[in-house]
Structure formats: structure tokens, C-alpha cells
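Biologist: I would like to learn how to read a few local features in a model. Please give the general idea each time, and then the case at hand.

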Amino acid sequence: MKIVPVPCRADNYMYLIIDPTTKTTAVVDPYDPEKLAAAAQKEGVTIGTHLLTTHHHNDHSGGNEAFVKEFPEARVYAGSNKSFGANQLLKHKDTFKIGSLDVTALHTPCHTQDHICYFVEDKAADERGVFTGDTLFISGCGRFFEGTAKEMETALNRLGELPDDTKTYVGHEYTKSNVAFSISVDPENTAIQKLHDFANKNEVTTGLFTIADEKDWNVFMRTNSAAVREVTKKNNSTDAMNELRELKNNFRG
């Protein structure tokens, strides 16, 4: 499969998911449909059949109305009808196809209660990726706007159960600020050190790393580590998650 990140706004990502066998192409969080259409034209594919919405926040679903107006027959996948045009409402582990690609919906409520991450597999090419919206960022996670630390812990554990070689396609380019926080929490972690160096030299990090990498350098997925427990002063993972989020919310680097 071919994944094309399309930046929009200050730091958001939209995506094209292209099935190389059938050329069927899906869009993810099409905030700017015109920009996505231009990217599709550059790739020699057409859009309009599949729209995947991670959650209802405007910077992710705000382009749905224009997209549906242009493509009224589109299948619009979402976790709730709070996203405009949603006609394929998903539950945890629901599956569907994008051409020959297999997609599994992962319900990850916390940032919003309707948040869906999309696990996409190209079994013929033995490739897989997950579109994490605002649940998982590289070396970070989303704010708990509609949920609790326990829900985020459950959500990240669900993503952590995916195959280690699953590439991560995130909703925002937050890596530089995220890893600055991570290295303040766990400065001796060599994986975090390497990511810190990479993020300070590269503006784009989405799609370059994997779930295995997150287990090494994402402190929100390492709440049982000695470093996190020392910084948070908490004795269980859920309390540590909650304290980490508060520390990150107030972090100025």
C-alpha cells in the first residue's frame, strides 16, 4: 500500500491510502479536500469513495461537509454521527475493505468518546499501518478532553497490541515538543535520545516509525517504567498516566 501524508493547517496531517492493486484510494481526516484532490491527482488516483474520520473535532472532520457535497456517494466512516456525513458508524474491531486492503476499526475513547484509530493491512505486501488521529502521537498522546487516564491507558494498550512493525500515521506533527517532554522524564533512555536528535533535524516524522518504537520512547506507553514512576511519584500505571498528562499540559520545555 502507499500512504501519502498531506499536511494542512499549522501541524495537522490528512492522508491518502492507496491500494496499489485496484487504485482504490481512501482519505483520512480531509480538512482541506481541495489540497487532498491535488495530492491524489499528483499520484494518478481518484478520490471520492472512502472517507475515514478519526474523531469529530473540526480540525479533523471540518472538511467532511465539502467532501460529501463533492462526492455524495462516499462511504463516510466514523465513530459517531458528530462527524458530518457519517454513514458507516463503527464499533471496536469492525472491519471493512479499501480495495484489497483490510481495515480494522479500533475504538480509542478519551481525547473524544467517538475516537477511532484505523489499522490498515496490505497482506499481499506484508505491510501495515495505523492512523491514530489524536490518540497516539510520536512520543506522546492526546489530551483527555472527553475521557480519563484509565481510558487513555486502555487506548494505548490496544495500539500496543498491534504488530510491532505497524507504522504510525499520526494526526499532528508534535514530535519535537513531545520528545522534549519525554527526555525530561527519562533522560537516560537512549531511544528517546535518538528521537530527540532526529526530531530536531527533520520536520516530518509521521509514517517513519512503528509501534515497537513507541514502546521504547513514548513515556505514556511506559507508565510502569522506573523513570516514569520516579517523576510522577505514583505507584500504579493509571495514576502515573494521569500525572504525566498533567505534567505535559504544563510543560514549557
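**Reading the features**

Modeller: Start with Cys141, which is found in strand S12 (residues 140–141). Strands (E, at least two residues) and helices (H or I, at least four) are DSSP runs, numbered from the N terminus. This is a predicted model, in which local features need pLDDT of at least 70, side-chain atom pairs count only at pLDDT 80 or more, and totals for chains, interfaces and linings use all residues. Residues are numbered from 1 along each chain as its sequence is written, and side-chain values use heavy atoms, with hydrogens and water left out.

Biologist: Is Cys141 buried or exposed?

Modeller: Buried means under 20% relative accessible area, exposed over 50%, and partly exposed in between (1.4 Å probe, protein chains only). Cys141 has a relative accessible area of 5%, so this residue is buried.

Biologist: Which residues does Cys141 touch?

Modeller: Contact means heavy atoms within 4.5 Å. Leaving out residues up to four places away in sequence, Cys141 touches Thr135, Leu136, Met152, Leu156, Phe220 and Arg245. For Met152, 11 residues apart from Cys141 along the chain, the C-alpha separation is 8.3 Å.

Biologist: Met152 also belongs to a helix contact. At what angle do the axes of H4 and H9 cross?

Modeller: Axes are lines fitted to C-alpha atoms, for helices over the stretch in contact, and angles run from 0 to 180 degrees between N-to-C directions. Helix H4 (residues 149–160) and helix H9 (residues 237–249) have axes that come within 8 Å and cross at roughly 105°. H4 is therefore roughly perpendicular to H9. Angles of 65 to 115 degrees get that label, while under 35 counts as roughly parallel, over 145 as roughly antiparallel and the rest as oblique.

Biologist: Which residues meet there?

Modeller: From H4 come Ala149, Lys150, Met152, Glu153 and Leu156, and from H9 Ser237, Thr238, Met241 and Asn242. The residues of this contact divide into four nonpolar, three polar and two charged. Here Ala, Val, Leu, Ile, Met, Phe, Trp, Tyr, Cys and Pro count as nonpolar, Asp, Glu, Lys and Arg as charged, and the others, Gly among them, as polar.

Biologist: How is a pair of aromatic rings described?

Modeller: By the distance of the centres and the angle of the planes. Rings of Phe, Tyr and Trp (its six-membered ring) pair if their centres lie within 6.5 Å; planes under 30 degrees apart count as stacked, over 60 as edge-to-face and the rest as tilted. A search of the whole structure finds 12 aromatic pairs. One of them joins Phe67 and Phe71, which are tilted at 4.9 Å centre to centre and 50° between the planes. Phe67 is buried at 1% relative accessibility, and Phe71 is partly exposed at 25%.

Modeller: In another pair, the ring centres of Phe137 and Tyr174 are 4.9 Å apart and the planes at 70°, so the label is edge-to-face. Phe137 lies in strand S11 (residues 136–137) and Tyr174 in the loop between strand S13 (167–170) and helix H5 (175–185), so this pair ties together parts 37 residues apart in sequence. Ring pairs also link Tyr13, Tyr15, Phe131 and Tyr169 into a cluster.
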